[in-house]
Amino acid sequence: MSERTGIITFKGTPLTLIGPEIKAGDKAPEFNVVDNDLGAKSLGDYTGKVLIISAVPSLDTPVCDMETRRFNNEAANLSDEIAILTVSMDLPFAQARWCGAAGVDAVKTLSDHKEASFGEAYGVLIKELRLLSRAVFVVDKSGAIQYVEYVKEITEEPNYDAALEAAKKLV
């Protein structure tokens with residue numbers, strides 16, 4: 001598995017990402033994650049939808065909390081043809097608890113804790129922390145990546161407007 005150093009930082013300290021750099025135009029890599037009910041989920045479960053996939057280190061941190069709440073609020077203004085997924089290494093039980101406490105119901109939270117399949121396939125697995133780096137991917141209905149943002153400093157928020165506009169253009 002390839003490693004990339006210096007792409008992202010955590011409070012200014014460079015970290016190593018495991019996996020390839022995904023670019024617009026690439027075929028979206030398959031992944032195996034777990035939903036809040038411990039059910040297996042993969043990219044194929046969302047065929048026919050435009051996806052906004054938000055990778056975050058942990059829902060129990062302030063920036064990830066803000067980001068996921070923001071995408072949940074934005075979901076009300078989006079077509080039913082767009083699904084928003086948030087993937088983290090948090091356990092499914094913790095994700096379910098967080099969603100209930102935060103009132104998040106429009107974003108689907110998915111756990112990569114078991115295999116790190118998403119992290120490795122999308123190049124967001126942080127070697128030093130075994131957490132996911134902050135990134136946003138927009139996938140069109142045919143499974144092609146149309147937008148990518150690897151957030152350089154993982155304590156900062158992504159460009160919400162750019163990701164949302166990219167998704168809206170696909171429906």
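I began with Pro62, which counts as exposed at 65% relative accessibility (buried means under 20% relative accessible area, exposed over 50%, and partly exposed in between, with a 1.4 Å probe and protein chains only). The model is predicted, so I noted that local features need pLDDT of at least 70, that side-chain atom pairs count only at pLDDT 80 or more, and that totals for chains, interfaces and linings use all residues. Residues are numbered from 1 along each chain as its sequence is written, and side-chain values use heavy atoms, with hydrogens and water left out.

**Entry 1. Helix H1**

I placed Pro62 in helix H1 (helices are DSSP runs of H or I with at least four residues, strands are runs of E with at least two, and both are numbered from the N terminus). The C-alpha atoms of Pro62 and Thr155 are separated by 8.9 Å, although the two residues are 93 apart along the chain.

I then looked up the span of H1. The helix has 14 residues and reaches 20 Å from its first C-alpha to its last, close to the 20 Å expected at 1.5 Å a residue (the expected span is 1.5 Å times one less than the number of residues).

Which residues of H1 are buried? I listed Val63, Cys64, Asp65, Glu67, Thr68, Phe71, Asn72, Glu74 and Ala75. These buried residues pack against strands S5 (50-55), S6 (82-88), S7 (107-111) and S10 (135-139), and against helices H2 (92-102) and H4 (contact means heavy atoms within 4.5 Å).

**Entry 2. H1 against H4**

I looked up the packing of H1 and H4 and found an angle of about 35°, with the axes 12 Å apart (axes are lines fitted to C-alpha atoms, for helices over the stretch in contact, and angles run from 0 to 180 degrees between N-to-C directions). The crossing of H1 and H4 is right-handed (a crossing is right-handed if the near helix is turned clockwise from the far one by less than a right angle, and left-handed if anticlockwise).

On the H1 side the contact is made by Met66, Glu67, Arg70, Phe71 and Glu74, and on the H4 side by Tyr160, Asp161 and Leu164. The residues of this contact divide into four nonpolar, no polar and four charged (Ala, Val, Leu, Ile, Met, Phe, Trp, Tyr, Cys and Pro count as nonpolar, Asp, Glu, Lys and Arg as charged, and the others, Gly among them, as polar).

**Entry 3. Leu78**

I followed the chain into the loop between H1 and S6, where Leu78 lies. Leu78 counts as buried, at 12% relative accessibility. Not counting residues up to four places away in sequence, Leu78 touches Ile52, Ile84, Leu164 and Lys168. I also noted Ala167, which is 89 residues from Leu78 in sequence and 8.9 Å from Leu78 in space, C-alpha to C-alpha.

**Entry 4. Salt bridges**

How many salt bridges does a search of the whole structure find? I recorded eight (a salt bridge is a side-chain nitrogen of Lys or Arg within 4 Å of a carboxyl oxygen of Asp or Glu). Side chains of opposite charge can pair when their charged atoms come close.

Glu3 and Lys127 meet in one of them, at 3.2 Å from N to O. Glu3 lies in strand S1 (residues 3-10) and Lys127 in the loop between S8 and S9, so this pair ties together parts that are 124 residues apart in sequence. Glu3 is partly exposed at 46% relative accessibility, and Lys127 is partly exposed at 47%.

Within H1 (residues 62-75), Glu74 and Arg70 are four residues apart, about one turn of the helix, and their side chains form a salt bridge of 2.9 Å, N to O. Glu74 is buried at 19%, whereas Arg70 is partly exposed at 30%.

In H4 (residues 160-168), Glu165 and Lys168 are three residues apart, about one helical turn. The closest N and O atoms of their salt bridge are 3.6 Å apart. I noted Glu165 as partly exposed at 39% and Lys168 as partly exposed at 35%. Salt bridges that share partners also join Arg70, Glu74 and Asp161 into one network.

Most residues other than glycine have a negative phi. Leu38 lies in the loop between strands S3 (32-34) and S4 (40-42) and is exposed, at 51% relative accessible area. Arg130 lies in the loop between strands S8 (125-126) and S9 (131-132) and is partly exposed, at 43%.
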